[in-house]
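I opened this notebook to record, step by step, what I looked up in the structure shown below.

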Amino acid sequence: EEQEEDVLRELRLFLRNVTERLALDRRFKAFTKPVDIEEVPDYLMVVKRPMDLSTLLTNIDEQKYVTVGEFVSDADLVWQNALEYNPDSDPMDRHIRHRACALKDTVRAIIRDELDEDFERVCEDIKESR
Ligand SMILES: CC(=O)c1csc(NC(=O)C2C[NH2+]C2)n1
């Protein structure tokens, strides 16, 4: 109904705001666009579900997410993939793993500080009703 569409519209506004703030953070530059498979041909051998901040924004606009939890699952892919693809001790790998960990902690901190648990509960009830 109308009230449900109002809730999901507010969810999309919140998720766009979070994602845009992450995309503006210089630490997360490597995570803003899909990894170029032509430049990194072995990427898909290691990473089964690529994800990046621009794809999160597209998913939001395509109304893929009905709860914050669904969004966080995809957002977690971004840093999890980076840890998987950059496991070595060399400085470049360590550098991107450090940024991946910063992304993980930043997403969780924003959600903890800015998501009202009652709002997420309403989204989960809409999801279960569909
Ligand atoms: C997005 C992502 O995970 C990414 C972008 S470049 C990269 N890794 C490297 O460039 C090399 C350092 N060891 C491989 N990882």
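**Ligand surroundings**

I began at the ligand and found that a polar side-chain atom of Asp-93 lies 2.3 Å from one of the ligand's nitrogen atoms, a polar contact being a pair of N or O atoms within 3.5 Å, where within protein one must be able to donate a hydrogen and the other to accept it, and residues adjacent in sequence count only if both atoms are side-chain atoms. I then noted Asn-86, which has a polar side-chain atom 2.7 Å from a nitrogen atom of the ligand. Around the ligand (heavy atoms within 4 Å) I listed Ala-30, Val-35, Ala-82, Tyr-85, Asn-86, Met-92, Asp-93 and Ile-96.

**How I read the model**

I kept in mind that this is a predicted model, in which local features need pLDDT of at least 70 and side-chain atom pairs count only at pLDDT 80 or more, while totals for chains, interfaces and linings use all residues. Residues are numbered from 1 along each chain as its sequence is written, and side-chain values use heavy atoms, with hydrogens and water left out.

**Chain and helices**

I counted 6 helices and 0 strands in the chain, taking helices as DSSP runs of H or I with at least four residues and strands as runs of E with at least two, numbered from the N terminus. The C-alpha atoms fill a box of roughly 50 × 30 × 25 Å along the principal axes.

I next looked up the contact (heavy atoms within 4.5 Å) of two helices, α1 (residues 2-24) and α3 (residues 53-61), which pack at about 165 degrees with axes 10 Å apart, the axes being lines fitted to C-alpha atoms over the stretch in contact and angles running from 0 to 180 degrees between N-to-C directions. α1 and α3 are therefore roughly antiparallel, a term for angles over 145 degrees.

Methods. Parallel < 35°, antiparallel > 145°, perpendicular 65-115°, else oblique.
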